[in-house]
Amino acid sequence: MAVEFERRNLARHRDTDRARMAARWGRARPLRLAEQTEESEEWVISYMDMVTVLMTVFLGMLAILGMDGRLSAPNDAERAAAAAVNRALQQENSGEPSTAADVPSRPSAPSLPSTVPGSQPVEQAPLTATNRQWLNRLAALGLPPDVDITASDRKLTIVVRERILFASGSATLQPAALDLLRKLAPSLAELPGSITVEGHSDDLAISTIRFPSNWELSAARAAAVVRALAAMGLPPARLGALGLADSRPVTADPARRAENRRVEIVVDTDADTARSATR
């Protein structure tokens, strides 16, 4: 009897333990499932980190390459506003009305007369006998159509279009440019006064490793012409390079934007300047 009672008691305790274990496992299972679910989503964090790094690298490469060297151009309203400001400055400095067709290369200088490319310059202002002589001499060199010569009583300006000098977005002189400079060098060496080479660009922005903007491009082009003239025998003390980017446009017409890409060789023939430049 006692044995039977003890057996039933053990069975009762065993059933109680089983019930407790089942209840305990029932509560722990959802926790384990939740932990497994959380662990299974950890790969998303690593994936997003990788995507972020790849995007950063891509944007860095895009900024370095500079979208093929060109960014978006200003709109018509911005170009018109810039042209209006330039005309107002020119009118204020010269004291006379001016138009976009005869914009001077330097705002502080008197308006320079326009010429027909490759022909005898047309005198629109009184010239000294010396400047008239040099004007005729330069016009007789048989320069290509992309070269214009203008003059005032104190300055001679030789305007050379970009396409004869440089490739697009480059500051390396082309063979045709060196031939032209060799033709001009003897006359420039004999001319009195200082020689300033001005680099001009259009209003299309550039952004490359070498040329972050048009300021660097125009300055590098002016410096390339100065180096070539110095190598051809012109005294370095007479030479100077100036990068003006798109701050001195010849025209605001988008269809004629190429005319703004140019290099101007400005010879100051004023007697005082000539003496100081040749000391």
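A residue counts as buried when its relative accessible area is under 20%. Keep that cut-off in mind on this tour of a predicted model, because R161, with a relative accessible area of 15%, falls on the buried side of it.

**Stop 1: the whole chain**

Start with everything shown as a cartoon. The protein chain has eight helices and five strands. If you trace it along the sequence, the pattern reads α-α-α-α-β-β-α-α-β-α-β-β-α. Of its 279 residues, 35% count as buried. The chain exposes about 16,700 Å², and carbon and sulfur atoms supply 59% of that area. Among contacts between residues at least 6 apart in sequence, 69% join residues at least 24 apart.

**Stop 2: colour by confidence**

Now colour the model by pLDDT. The average for the protein chain is 75, and 64% of the residues score at least 70. Next, select residues 97-124, where the pLDDT is below 50. Beyond near neighbours in sequence, this stretch has 58 contacts in the model. Where pLDDT is low, the predicted coordinates should not be read in detail.

**Stop 3: strands β1 and β2**

Select D148 and R161 and show their side chains. They meet in a salt bridge, with 2.9 Å from N to O. D148 sits in strand β1 (residues 147-151) and R161 in strand β2 (residues 155-161), so this pair ties together parts that are 13 residues apart in sequence. Is D148 buried or exposed? Its relative accessibility is 11%, so D148 counts as buried.

**Stop 4**

D268 is buried at a relative accessible area of 12%, and K155 is buried at 14%.

**Stop 5**

Select E162 and R221 next. The closest N and O atoms of this salt bridge are 2.9 Å apart. E162 lies in helix α5 (residues 162-165) and R221 in helix α7 (residues 214-231), so the pair ties together parts that are 59 residues apart in sequence. E162 is buried, with a relative accessible area of 10%, and R221 is buried too, at 5%. In the whole structure, a search finds ten salt bridges. Side chains of opposite charge can pair when their charged atoms come close.

**Stop 4**

Zoom in on L188, leaving aside its neighbours within four places in sequence. Its contacts are I158, I195, L229, L234, R238, I265 and V267. In soluble globular proteins, nonpolar side chains tend to be buried together.

**Stop 5: A189 in helix α6**

For the last stop, select A189 in helix α6 (residues 175-190). A189 is partly exposed, with a relative accessible area of 39%. Apart from neighbours within four places in sequence, A189 is in contact with L234 and R238. Finally, draw a line between the C-alpha atoms of A189 and M232: they are separated by 9.4 Å, although these residues are 43 apart along the chain.

Notes:
Residues numbered from 1 in each chain as written. Predicted model: local features only at pLDDT ≥ 70, side-chain atom pairs only at ≥ 80, totals over all residues. Heavy atoms only, no water. pLDDT = per-residue confidence, 0-100. Contact = heavy atoms within 4.5 Å. Salt bridge = Lys/Arg side-chain N within 4 Å of Asp/Glu carboxyl O. Helix = DSSP H or I, 4+ residues; strand = E, 2+ residues; numbered from the N terminus. Buried < 20%, exposed > 50% of the residue type's maximum accessible area, 1.4 Å probe, protein only. Areas by Shrake-Rupley, 256 points an atom, 1.4 Å probe, with all protein chains shown as cover.
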